[in-house]
Amino acid sequence: MRSHHPLLIRLLTHNIRYATDSPFLGEEKWAVRAPRIVAELRFNSAHCGDAFICLQEVLHQQLVDILSGLNHKHEGAAEEWAFIGVGRDDGKQAGEYSPIFYRPSVWTLQEWETVWLSETPSKPSKGWDAASIRILTIGIFQHRASKKQLVAMNTHLDDQGATSRSEAANIILTKIGEKSQEGRLPLFLAGDFNSQRSDDAYLKLTGTTSSMKDVQKMWSIQQGNGYGHTYTFTGFADDARTIIDFLFLNQASCAWAVHNFGILENKFDDQVYNSDHRAVVADVAITPISFPDSSVQRNRKA
């Protein structure tokens, strides 16, 4: 049955910093940071059943720890959270994931894939001048209650190669058009783009030929500043303040509305940084205008 009510969704993106054995000055090892990250994710999704959590720099053991923490319940209870994504180095468990976490009781996963941001996007590979292998995680979901669909994307662009970031933006834009059926399906894109708003990759993703809009800018037009901080990357000494982590929404045949926006704290009274990035959170809604039925999509699960 078609729902005539807005579909309210919480989006959270956070580069959690990979688990290194050689931490920077001011950085704690993952064993110390892990419970703080899990607490952040649980707190910010506890009463938001429709939430999506998009993370970057997640090694396999970190993925296991986070999934276990999110699903920490009494013995015998069904697992609340699942994820899509692969390790970027081999398409399995090696290297960093850019996973998307969701609640299967709320969302049905219809299909998903990983795209490598390189000249050979169908296999593990490094592109152009990138220092590391980079990926885009894509999922198509159907909302169980309303039967509405959306496309979720999560990525982490290269920190060294400007050409790589620019070419990756081209690949992402192509996938946005393809997976959204040229704007028929609502779509969000989350991630660490290693690009400030003046950089080429950001300008391509939000340019006149793109359907994507920066959620923070959408919010500021309506309400001014959001909750919390201005900068999303701090380092481990608050000495590297930039905005490189973003949430984007497409201009679909439905209409997106932004109900709230914030950039969260990554260090509290104990002075432990949970990451060198801050989480970005938004409450968004898909309004019912021309909201497509599930019949327009393939029912293929990858």
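Reader: Where in the chain is glutamine 271 found?
Author: In this predicted model, glutamine 271 sits in the loop between β12 (255–263) and β13 (280–287).

Reader: What is the phi of glutamine 271?
Author: Phi of glutamine 271 is near 65°. That is a positive value, in a residue other than glycine. Most residues other than glycine have a negative phi.

Reader: Which value does phi of arginine 17 take?
Author: Phi of arginine 17 is near 70°, again positive and again in a residue other than glycine. Arginine 17 belongs to the loop between β1 (7–15) and α1 (30–45).

Reader: Why does arginine 17 count as buried?
Author: Its relative accessibility is 7%. Buried means under 20%. Therefore arginine 17 counts as buried.

Reader: How many aromatic pairs are there?
Author: The count comes to 13 aromatic pairs. One of them joins tyrosine 202 and phenylalanine 246.

Reader: What makes tyrosine 202 and phenylalanine 246 an aromatic pair, and why is the pair called tilted?
Author: The ring centres are 5.1 Å apart, and the limit for a pair is 6.5 Å. The angle between the planes is 45°. Stacked needs under 30 degrees and edge-to-face over 60, so this pair is tilted.

Reader: Which parts of the chain does this pair link?
Author: Distant ones. Tyrosine 202 is in helix α4 (residues 200–205). Phenylalanine 246 is in strand β11 (residues 245–250).

Reader: Why is the pair of tyrosine 202 and phenylalanine 248 tilted?
Author: The planes of tyrosine 202 and phenylalanine 248 stand at 50°, so this pair is tilted. The ring centres lie 5.9 Å apart. Phenylalanine 248 is in strand β11 and tyrosine 202 in helix α4, so the pair ties together parts 46 residues apart in sequence.

Reader: What makes β11 largely enclosed by the rest of the structure?
Author: Six of the six residues of β11 are buried, so the strand is largely enclosed. Both faces are covered. Asp245, Leu247 and Leu249 are buried on one side. Phe246, Phe248 and Asn250 are buried on the other.

Reader: Which strand pairs with β11 over five bridges?
Author: Strand β8 (residues 187–192), in the antiparallel sense. There, glycine 191 has phenylalanine 246 as its bridge partner. Strand β9 (residues 212–214) also pairs with β11 in the antiparallel sense, over three bridges. Lysine 213 is the bridge partner of leucine 249.

Reader: Which residues touch the most other members of the largest nonpolar core?
Author: Ile9, Phe52, Trp107, Phe188 and Leu249 do, in a core of 31 residues. Another core lies apart from it, with 24 residues, including Val115, Leu185, Met212 and Phe248. Phe52, Trp107 and Phe188 also belong to one aromatic cluster, together with Tyr102 and Phe141.

Notes:
Residues numbered from 1 in each chain as written. Predicted model: local features only at pLDDT ≥ 70, side-chain atom pairs only at ≥ 80, totals over all residues. Heavy atoms only, no water. Phe/Tyr/Trp six-rings, centres within 6.5 Å; stacked < 30°, edge-to-face > 60°. Helix = DSSP H or I, 4+ residues; strand = E, 2+ residues; numbered from the N terminus. Core = buried A, V, L, I, M, F, W, Y, C linked by side-chain atoms within 4.5 Å. Buried < 20%, exposed > 50% of the residue type's maximum accessible area, 1.4 Å probe, protein only. Pairing = 2+ DSSP bridges.
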